[in-house]
Amino acid sequence: MHAFSYARARSIDDLLADGRDGDVTFLAGGTELLNWARIGILRPQRVLDISGVPGLDRIEPLADGALRIGALAKLNQVALHRETRSRYPVLSQAILKSASAQLRNLATIGGNPMQRTRCAYFRSEDPATPCNKRRPGSGCAALHALNERHAIFGWTEDCVATSPSDPAVALACLDATIITKHASGDRRLPARTFHTLPGDDPAAHTVLRPGELITAIEVGPPAPCSAYLKVRERESYEFALVSAAAAVELADDRIVRARIALGGVAMRPWRLEQAERDLTGLRAGSPETAEAITAAFGEARPLASNAYKIPLARNTAVRALELAARTS
Ligand SMILES: Cc1cc2nc3c(=O)[nH]c(=O)nc-3n(C[C@H](O)[C@H](O)[C@H](O)COP(=O)(O)OP(=O)(O)OC[C@H]3O[C@@H](n4cnc5c(N)ncnc54)[C@H](O)[C@@H]3O)c2cc1C
Ligand code: SF4
């Protein structure tokens, strides 16, 4: 394993000063980072352990009705928190379907959206494997090879990978905001566009700059009628083939507002924006709602081995919306 220096940050000021020159890598739960260092995805020079910075794990309701979740809050802590469970069931469910209980006790909500694609070529230990994310310009091994787990939306010939995070799909559905600090200024980033698409830059995963710290995630007004469904090859400890997060507001049984985000289909959680508009005014659970969602898959572009994802993701979205509506 490549040698790196290790230090512990005691405060955010420490951390920003250390991150100023951009060559520092933050360590939170370490459940991703240490694997990357082991298989050569990342060769960090300086690792800064942020897990002991006080105050960054707080979960607190804000005066405007939003919920602020500190970046160092552990996944299980977020999922089981009273406010998350009652106001944002979709987020609680997405977290509880992530990884294993042991991992969720260590992994943080700030580190989770930072995880990198599970594309097997990206994670290959053979340095000759073409991968534009690992070695820009080397090509994409998945484009014409084993791509049954890859994207059906938003891909280019440079990269057909998907984002593996479950919580990120719920956060995109809820229009959450990712709050960051950086030596050059603070930012509020929409969770919906936090992950980049290959057309932006095939080598990137997120819009975060080197040395930029996620301090918290803010989730807006409560969405009690919401649900997350994850389809995977085995029931636990497995990444999604596809997933769907849905939140709905109803008047009687008519949809006033619906939000649907898909996971496992693109390099970012994929919102079904046209379907969301078309669902307004429809009766929840009616055949018309399924038709509105089906229409959204007209723009899907399957690869050689993943056309199965189109009906699977469509059915998952329809079912997630029904489950969300049923909780009203
Ligand atoms: C076997 C296994 C199965 C898994 N299954 C799933 C699954 O089904 N669903 C799912 O969603 N996830 C899954 N995961 C991913 C897991 O949830 C992530 O590893 C975890 O959430 C990362 O959080 P961490 O705190 O350990 O991050 P770390 O490993 O500490 O860091 C990961 C990256 O995030 C950066 N980082 C961390 N915190 C911050 C911050 N506050 N600001 C800026 N950058 C930061 C680090 O620098 C690093 O680049 C799985 C992981 C493993 C190992
Ligand atoms: S899909 Fe993306 S991550 Fe996978 S090999 Fe191609 S370029 Fe690399």
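Biologist: How far is an oxygen atom of ligand 1 from an N or O atom in the side chain of Asn-112?

Modeller: The separation is 3.0 Å, which falls under the polar contact limit (a pair of N or O atoms within 3.5 Å). This is a predicted model: local features need pLDDT of at least 70, side-chain atom pairs count only at pLDDT 80 or more, and totals for chains, interfaces and linings use all residues. Residues are numbered from 1 along each chain as its sequence is written, chains are lettered from A and ligands numbered from 1 in the order in which they are written, and side-chain values use heavy atoms, without hydrogens and water.

Biologist: And what lies 2.6 Å from an oxygen atom of ligand 1?

Modeller: An N or O atom in the side chain of Thr-31 does.

Biologist: How much of ligand 1 does the protein bury?

Modeller: The protein buries 94% of the 980 Å² that ligand 1 exposes when taken alone (Shrake-Rupley method, 1.4 Å probe).

Biologist: Changing topic, in what order do the four strands of the open sheet run?

Modeller: The order is 9-10-11-12, with antiparallel pairing. Strands are DSSP runs (E, at least two residues), and two of them pair if DSSP finds at least two bridges between them.

Biologist: Which strands stand at the edges?

Modeller: Strand 9 (226-231) and strand 12 (270-271) do; each has a single partner strand, so one side of each is left without a neighbour in the sheet.

Biologist: Over how many bridges do strand 10 and strand 11 pair?

Modeller: They pair over nine bridges; Ala-245 has Ala-261 in strand 11 as its bridge partner.

Notes:
Polar contact = N/O pair within 3.5 Å; in protein donor to acceptor, adjacent residues only side chain to side chain.
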